[in-house]
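Please go through the briefing below with the model open beside it. It moves from a loop to the sheet, and then to the metal site.

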Amino acid sequence: MTLADVRRVVVPVACADAVQTHLRAVGRDGCEGLALWVGVQNGDLFRVSRTIIPQQRHVRNSDGVCVIIQADELHRLNVTLYKEKLTLLGQIHSHPGRAYHSDTDDRYAIATTVGCLSLVVPDFARASFAISRCASYRLDRRGRWMELKPREASGLIVVEG
Ligand SMILES: [Zn+2]
């Protein structure tokens, strides 16, 4: 079983809140933020157990805004995942306005396993977190980020409190 087999993702509301809190905080300074969901897969079910906010650099210049995670932090993340037997399900990042996967997002994604997820939260996460508000993408077997329809995303990812 790999992430591509996952048909249902359960996210505790605390893990969704942790993402939103971070994205909103950096958004107040006009910056994009990024968070990761990690957890355990059991058959076609994936349970998110933790939100990780990796050390990140927020860049804001005339070209716009972006968020950079450096190589040593990615290494630390992989060590943590390995030691704690956790799997990286996907990443969530914010945009100043509309939510979509930019070319940069496609190219520099942190989650790169087939079947992993990438969610983009609009408007610097000013609204409360809801899967239906995000643009949701899943990496297919050919390495392309395929956008999920809102109904598919809401069916796949369930936030439970
Ligand atoms: Zn983006």
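Where is the place of Asp-123? Asp-123 sits in the loop between E7 and E8. The model is predicted, so local features need pLDDT of at least 70 and side-chain atom pairs count only at pLDDT 80 or more, while totals for chains, interfaces and linings use all residues. Residues are numbered from 1 along each chain as its sequence is written, and side-chain values use heavy atoms, with hydrogens and water left out. Helices (H or I, at least four residues) and strands (E, at least two) are DSSP runs, numbered from the N terminus.

- Asp-123 is not a glycine, yet has a positive phi of about 55°.
- Asp-123 is partly exposed, because its relative accessibility is 37%; buried means under 20% relative accessible area, exposed over 50%, and partly exposed in between, with a 1.4 Å probe and protein chains only.
- Phe-124 is found in the loop between E7 and E8, and its phi is also positive, near 50°, in a residue other than glycine.
- Phe-124 counts as buried because its relative accessibility is 9%.

- Eight strands form an open sheet in the order E9-E8-E7-E6-E2-E3-E1-E10, with mixed pairing.
- Strand E9 (145-147) and strand E10 (157-160) stand at the edges with a single partner strand each, so one side of each has no neighbour in the sheet.
- From one strand to the next, the twist averages 30°; axes are lines fitted to C-alpha atoms, for helices over the stretch in contact, and angles run from 0 to 180 degrees between N-to-C directions.
- Helix H1 packs on the sheet and touches strand E1 (8-12), E2, strand E3 (45-52), E6, E7 and E10. The direction of H1 makes about 70° with that of E1. Contact means heavy atoms within 4.5 Å.

**Strand pairing**

- Strands of a sheet pair through backbone hydrogen bonds, either parallel or antiparallel. Two strands pair here if DSSP finds at least two bridges between them.
- E7 and strand E8 (residues 135-139) run antiparallel and are joined by four bridges, with Leu-117 opposite Arg-138 in E8.
- E6 and E7 run parallel, joined by five bridges; Ile-92 stands opposite Leu-119 in E7.
- E2 and E6 are antiparallel, with six bridges, and Leu-36 stands opposite Gln-91 in E6.
- Seven bridges connect E2 to E3 in antiparallel fashion, and here Leu-36 stands opposite Ile-52 in E3.
- The hairpin of E2 and E3 has two residues between the strands, and Gly-43 takes a positive phi near 65° in it.
- E1 and E3 run parallel with three bridges; Arg-8 is opposite Leu-45 in E3.

**Burial of strand E7**

- In strand E7 (residues 117-121), five of its five residues are buried.
- Leu-117, Leu-119 and Val-121 point one way from E7, and Ser-118 and Val-120 point the other way.

**Zinc site**

- The zinc ion is coordinated by His-93 (NE2), His-95 (NE2), Asp-105 (OD) and Asp-105 (OD), at 1.9 to 2.5 Å. Donors are N, O and S atoms within 2.8 Å of the metal (3.2 Å for Na, K and Ca); water is not among the atoms, so sites may look incomplete.
- Angles among the four donor atoms span 56 to 166°, and the site is irregular. Four donors count as tetrahedral if all angles lie between 85 and 135 degrees; four count as square planar and six as octahedral if opposite donors are over 155 degrees apart and all others between 65 and 115; anything else is irregular.
- Along the chain, the donors follow the spacing H-x1-H-x9-D.
- His-93 lies in strand E6 (residues 87-94) and counts as buried because its relative accessibility is 2%.
- His-95 is buried as well, and the side chains of His-93 and His-95 make a polar contact (3.1 Å). A polar contact is a pair of N or O atoms within 3.5 Å; within protein, one must be able to donate a hydrogen and the other to accept it, and residues adjacent in sequence count only if both atoms are side-chain atoms.

**Cys-31**

- Cys-31 lies in the loop between helix H1 (13-28) and strand E2 (34-42), and is buried because its relative accessible area is 11%.
- Not counting residues up to four places away in sequence, Cys-31 touches residues including His-58, Ser-94 and Phe-124.
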